[in-house]
Amino acid sequence: MSSMAPSPVVVSASHSDQSHSLHNVFVYGSLLADDIVRVLLKRIPQSSSAVLPGYQRFSVRGRVYPAILPVENKRVTGKVLFGITNPELDILDIFEDVEYEKSVVEVSLVDGSEKLTTLTYVWSNSNDPDLYGEWNFEEWKWSHMDDFVQMTTRFVEELQLPEPKSRVATYESFYYKEGGDSPLIA
């Protein structure tokens with residue numbers, strides 16, 4: 001009968017699995033660029049193109065990165081980053097800051113092989129009057145990626161400080177003229 005007792009190894013392994021679990025994250029904006037991901041995570045995870053149904057990607061007035069919100073009969077193309085560790089997910093959470101809420105969504109891999117449950121970052125203000133149009137990754141790469149890599153590098157450097165600035169504060173200090181309200185972006 002003593003063989004019916006739960007094994008401490010199984011309990012320990014289960015706890016260990018939770019603390020060392022890997023995550024899949026659907027990305028659709030600046031994190032589509034390997035250069036941005038490399039600055040943040042110090043590596044480029046495996047990825048696969050994917051589609052998120054029931055959402056729309058918007059441009060955000062005063063920002064160079066997009067937002068997504070649930071919108072019926074719409075879809076967002078992006079990719080899934082596979083094998084994101086808990087510390088890496090923490091970095092992404094800090095990077096996405098208060099403007100986004102982490103959500104669980106279901107995406108379809110573009111190769112049609114499967115549907116996956118992933119995490120993604122959804123714009124936290126569903127009534128934001130600054131959302132408009134459709135954000136374009138290729139246009140962003142050409143117009144904004146180099147500066148965004150520099151801003152992201154500053155953000156990562158800030159994380160090492162005893163009292164780091166938030167990503168939004170780092171963004172605003174990078175993109176807005178000193179002492180003014182007008183962004184350096186259109």
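Here is a short chat about a predicted model of one protein chain.

Visitor: What is the mean pLDDT of the protein chain?

Guide: Local features here need pLDDT of at least 70, side-chain atom pairs count only at pLDDT 80 or more, and totals for chains, interfaces and linings use all residues. Residues are numbered from 1 along each chain as its sequence is written, and side-chain values use heavy atoms, leaving out hydrogens and water. pLDDT is the predictor's confidence in each residue, from 0 to 100. In this chain 84% of residues reach 70 or more, and the mean is 86.

Visitor: Where does pLDDT stay under 50, with 1 contact beyond four places in sequence?

Guide: A contact means heavy atoms within 4.5 Å. Residues 178-186 are also below 50, but they have 15 contacts beyond near neighbours in sequence. The stretch with 1 such contact beyond four places is residues 1-18.

Visitor: Which residues does W140 touch, leaving out those up to four places away in sequence?

Guide: W140 is one of the residues, with L40 and F148, that touch the most other members of the 50-residue largest nonpolar core. Such a core is a set of buried (under 20% relative accessible area, 1.4 Å probe, protein chains only) Ala, Val, Leu, Ile, Met, Phe, Trp, Tyr and Cys residues joined through side-chain atoms within 4.5 Å. Its partners are S30, A33, I36, V64, W135, M145 and F148.

Visitor: Is α2 roughly parallel or roughly antiparallel to α5?

Guide: Helix α2 (residues 34-41) and helix α5 (residues 145-159) have axes 9 Å apart, at about 10°. Angles under 35 degrees count as roughly parallel, over 145 as roughly antiparallel. So α2 and α5 are roughly parallel.

Technical notes
Axes are lines fitted to C-alpha atoms, for helices over the stretch in contact, and angles run from 0 to 180 degrees between N-to-C directions. Helices (H or I, at least four residues) and strands (E, at least two) are DSSP runs, numbered from the N terminus. Angles under 35 degrees count as roughly parallel, over 145 as roughly antiparallel, 65 to 115 as roughly perpendicular and the rest as oblique.
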